[in-house]
Amino acid sequence: MTTMVGNANGYTCEDVEGLLDDFLDGELAPWQKEKIEEHLAECGSCAGGQSFEAEVLVQLKDRLRATKAPAELVDKVERVMREVKEGEEAPGDA
Ligand SMILES: [Zn+2]
């Protein structure tokens, strides 16, 4: 399923969230993947893991590697993954 969202100038956070499944499934057109990668490279709130589960990040990293995403972006995702993991493993404060 391919959802047609976004505009010529780049994706918003909502666009990226909506397309993430298709992105991970490799069902998007190359230009769509590019726009998502562009957004993730620039958007701290998306790449910061607010909307991404750790599992999604693992897939995202693989996908980025497979699509030859900029090393900088892969690094960023890896960093976020570590942060998410640490957050999960930290002793609960509840
Ligand atoms: Zn965003």
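This is a predicted model: local features need pLDDT of at least 70, side-chain atom pairs count only at pLDDT 80 or more; totals for chains, interfaces and linings use all residues.
Let me start with the largest nonpolar core, which has 14 residues, and in which V16, I36, L40, A47 and V77 touch the most other members. By a nonpolar core I mean a set of buried Ala, Val, Leu, Ile, Met, Phe, Trp, Tyr and Cys residues joined through C-beta atoms within 7 Å. A residue is called buried if 20 or more other C-beta atoms lie within 10 Å of its own, exposed if 12 or fewer, and partly exposed in between, with the C-beta atoms placed from the backbone. At least two residues of this core come from each of helix 1 (13–25), helix 2 (30–42), helix 3 (44–47), helix 4 (54–66) and helix 5 (71–89). As background, in soluble globular proteins nonpolar side chains tend to be buried together.

Residues are numbered from 1 along each chain as its sequence is written.

For the overall picture, the protein has 5 helices and 0 strands, where helices (H or I, at least four residues) and strands (E, at least two) are DSSP runs, numbered from the N terminus. Buried residues make up 20% of the 94 residues.

Now to one pair of helices. Helix 1 and helix 2 pack at an angle of about 125 degrees, with their axes 11 Å apart; axes here are lines fitted to C-alpha atoms, for helices over the stretch in contact, and angles run from 0 to 180 degrees between N-to-C directions. On the helix 1 side the contact is made by V16, L19 and F23, and on the helix 2 side by Q32, K33, I36, H39 and L40, contact meaning that two C-beta atoms, placed from the backbone, lie within 7 Å. If we set aside residues up to four places away in sequence, I36 touches Y11, V16, L19 and F23.

Let me close with two individual residues. L57, in helix 4, counts as buried because it has 20 C-beta neighbours inside 10 Å, and the C-alpha atoms of L57 and L24, 33 residues apart along the chain, are separated by 9.7 Å.
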